[in-house]
Amino acid sequence: HKGIDKFWSGVRSRTGISIMFANITNALQQTTGNFVTATQVSAPFLKTALISYLTNTQGMTDDIAALSPFMSNRLENQLFDVQDNMNDLLLNPSRYEKVQKWAKHHGYFLQTAFQNQVDVVAWSARYNEVLASVPVGMNDADAIKEAIAQADATVRKTQGSLNPEDLSAFEVGSPFYKSLIQFSGFFNMLANLNGTEFKKI
């Protein structure tokens with residue numbers, strides 16, 4: 001029922017914002033994603049990427065966004081901006097709705113800031129690692145394309161993704177069901193990654 005679905009979507013959204021808004025403890029926990037990335041990328045490349053990020057944060061972020069559409073959307077939330085513009089044009093929201101929209105898009109501002117650091121470092125480290133081990137005979141264009149693809153995959157595998165195609169089957173369901181499994185996506189991603197690594201061992 002559309003009305004019930006809308007209600008539970010609202011509950012889920014507001015619950016997430018109320019828990020995460022200015023939650024410094026959770027934001028700091030985002031940095032542990034660097035340890036997860038270390039299962040997929042060699043430590044020297046991670047160290048180099050982290051130093052590069054700390055010395056040239058904006059430049060490094062801009063370079064990665066220019067190379068990878070996946071990372072551009074992830075870092076800059078372009079889809080949110082497009083949807084916002086459409087809503088403004090079509091609905092002309094009231095002041096109350098504007099406040100709701102601001103809270104929805106900025107409720108996770110601390111988490112986003114810390115997670116962006118982890119994402120950028122993970123992507124850059126894997127990208128440079130792949131380029132450093134290019135097979136003899138591969139041309140530069142193909143090498144860069146392969147490095148971008150592997151870097152995107154590393155971020156998805158180690159930090160999770162909200163893209164529809166990246167959701168596990170158990171995460172798909174009604175808004176009521178999704179409200180019961182809120183925040184489970186990251187832990188499911190971690191379980192899958194750990195399972196794969198244990199199999200390798």
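User: How do you know whether the span of helix H12 (residues 184-200) agrees with its 17 residues?

Analyst: In this predicted model, helix H12 should span 24 Å at 1.5 Å a residue. The expected span takes 1.5 Å times one less than the number of residues.

User: Why is Asn188 called buried?

Analyst: Buried means under 20% relative accessible area. Asn188 has 17% relative accessibility, so Asn188 counts as buried. Asn188 lies in helix H12.

User: Which residues of H12 are buried, and what covers them?

Analyst: The buried residues of H12 are Ser184, Asn188, Met189, Leu193 and Glu197. Their cover includes helix H3 (33-37) and helix H10 (140-159).

User: What makes the pair Asn188 and Ser168 a polar contact?

Analyst: A polar contact needs a pair of N or O atoms within 3.5 Å, one able to donate a hydrogen and the other to accept it. The side chains of Asn188 and Ser168 make such a contact at 2.6 Å. Leaving aside residues up to four places away in sequence, Asn188 touches Ser168, Phe170 and Glu171.

User: What is the phi of Phe183?

Analyst: Phi of Phe183 is near 70 degrees, a positive value in a residue other than glycine. Most residues other than glycine have a negative phi.

User: How is the packing of helix H4 (residues 43-55) and helix H5 (residues 57-67) described?

Analyst: Two packed helices are described by the angle between their axes and the distance between the axes. For H4 and H5 the angle is about 115 degrees, and the axes are 5 Å apart. H4 contributes Ala49, Ser52, Tyr53, Leu54 and Thr55 to the contact, while H5 contributes Thr57, Met60 and Thr61.

User: What classes of residue make the contact of H4 with H5?

Analyst: The contact has four nonpolar, four polar and no charged residues.

User: How many helices and strands are in the chain, and what share of its residues is buried?

Analyst: The chain has twelve helices and zero strands. Buried residues make up 32% of its 201 residues.

Conventions. Residues numbered from 1 in each chain as written. Predicted model: local features only at pLDDT ≥ 70, side-chain atom pairs only at ≥ 80, totals over all residues. Heavy atoms only, no water. Helix = DSSP H or I, 4+ residues; strand = E, 2+ residues; numbered from the N terminus. Buried < 20%, exposed > 50% of the residue type's maximum accessible area, 1.4 Å probe, protein only. Contact = heavy atoms within 4.5 Å. Axes fitted to C-alpha atoms, helices over the stretch in contact; angles between N-to-C directions. Nonpolar A, V, L, I, M, F, W, Y, C, P; charged D, E, K, R; others polar.
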